[in-house]
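Hi,

Here's the structure I said I'd pass along.

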2 protein chains.
Amino acid sequence: MDKAICLVSGGMDSAVTLAIALRDFEVHAMHVMYGQRTQERELQSFRDLVEYYGIEQTLIISMDYIQRIGASSLTDREIEVPMRVGDKGIIPNTYVPFRNAQILSAGVAWAEAVGASKVFIGAVEEDSSGYPDCRESFFKAFNDAVSKGTRPDTKIEIVTPVIHLSKTQIVKKGLELKVPFELTWSCYKNIDKACGECESCQLRLNAFRGAGIEDPISYELK
Amino acid sequence: MDKAICLVSGGMDSAVTLAIALRDFEVHAMHVMYGQRTQERELQSFRDLVEYYGIEQTLIISMDYIQRIGASSLTDREIEVPMRVGDKGIIPNTYVPFRNAQILSAGVAWAEAVGASKVFIGAVEEDSSGYPDCRESFFKAFNDAVSKGTRPDTKIEIVTPVIHLSKTQIVKKGLELKVPFELTWSCYKNIDKACGECESCQLRLNAFRGAGIEDPISYELK
């Protein structure tokens, strides 16, 4: 089996992406902590998922400077996390500047070091928050930079298997692949019970409602 | 004056790049430690350069995971640093997988957060070690990824002012701009006196010889 890196934040999209990657690859799982509000809880979800799937090769990275750079409500405690899903076309303040490029660059470096041919990331384009670094056009351009900026004998590709799925389709895909959604975390705000009100909780709750099943994690409000 | 980020490793190429950036921009200087053999010495050069130029906005980042990813003689003490300049077309083992993408991504994030329009990097293409992430084609592709992956109202560009200069031309440009070369560090191996034998020392010594002046730093051998 070829090797692949899979970036696993611990949220539902990355968990489904991980299950997809595991069908065809020997997965190396990477997790990045960047000073976001819920980083301890997300790390727990990462640990639970890799244990569940018996993944042996893991890399946990701290990019604490992403918090120092700030300019996002996820990393700056002075900026409030919005309590509703934003309007289409407006990038919400939860956007973390160029975060996916930072995480992907480390994933590609690990891929080059271990001889992996793919780097999986669970980005979602349309049915999500409108972050610029979640668009397919960004990943396409980034893939070109990967091809130019790594050793000529390597062939590493960023893979985004859920990018054009709706959140409901992602839940359905996860059910089909028996993804343990009870181990995942999406809330931007809380670390014990999900708040049920932030943008990320609302997108997740709507996704499960759309799929006609109950989200297995606990909420303060829903 | 517009703001620009300048990546400053502490070597001669980045010092000249910094002097170039300072002519037209309010510079924010960034330095990355990544577990390389000489990181403490390079950090000292960074501190000396920003003090010399009176730069107030600085960001020192630790990417310790680059060392954990390894696969380079600069970060893995088990791999020997080559003691000669390698053959053209062969990437030496001092190459650090996708390092420049990792550093540039953080630079772009800082640029987006502070409203800077440029990210300067002192990469050199032809007259250097042949690293894939120092080629103009890589920066061109990366610029496209920056344009796609940041907020639509930002316009951030990677700038490589010395990429097509020879190392001797870089020394000459530095002399013209009164760059304090005595504060810079290039040796891959030592932290007190430069070894004079490693690839990086040899490229530097040749550059100063070509420019017909004495390198102001001390060497064990030259």
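In helix α1 of chain A, the buried residues are A:M12, A:D13, A:S14, A:A15, A:V16, A:T17, A:L18, A:A19, A:I20 and A:A21. Bear in mind that this is a predicted model. What does the covering? Elements of chain A, including β1 (3–7), β2 (26–33), α2 (39–53), β4 (118–120), α6 (167–176) and α7 (199–211).

A:C6 ties in here: among its contacts are A:T17, A:L18 and A:A21, and it also touches A:V27, A:A29 and A:F120, leaving aside residues up to four places away in sequence. A:C6 is also one of the residues with the most contacts inside the largest nonpolar core, along with A:F142, B:I5, B:C6 and B:F142. That core has 138 residues.

Two of the covering helices also pack on each other. α6(A) and α7(A) meet at an angle of about 65°, with 8 Å between their axes, and the crossing is right-handed. On the α6(A) side the contact uses A:K167, A:T168, A:I170, A:V171, A:K172 and A:L175, while α7(A) brings A:L203, A:N206, A:A207, A:F208, A:G210 and A:A211. Sorted by class, that gives 7 nonpolar, 3 polar and 2 charged residues.

Last one: α4(A), residues 99–114, spans 23 Å from first C-alpha to last, close to the expected 22 Å. Of its 16 residues, 15 are buried. Just after it, A:G115 has a positive phi of about 80°.

Cheers

Definitions and conventions:
Residues numbered from 1 in each chain as written. Chains lettered and ligands numbered in written order. Predicted model: local features only at pLDDT ≥ 70, side-chain atom pairs only at ≥ 80, totals over all residues. Core = buried A, V, L, I, M, F, W, Y, C linked by C-beta atoms within 7 Å. Buried ≥ 20, exposed ≤ 12 C-beta atoms within 10 Å, placed from the backbone. Contact = placed C-beta atoms within 7 Å. Helix = DSSP H or I, 4+ residues; strand = E, 2+ residues; numbered from the N terminus. Axes fitted to C-alpha atoms, helices over the stretch in contact; angles between N-to-C directions. Left-handed = near helix turned anticlockwise from the far one by under 90°. Nonpolar A, V, L, I, M, F, W, Y, C, P; charged D, E, K, R; others polar. Expected span 1.5 Å × (residues − 1).
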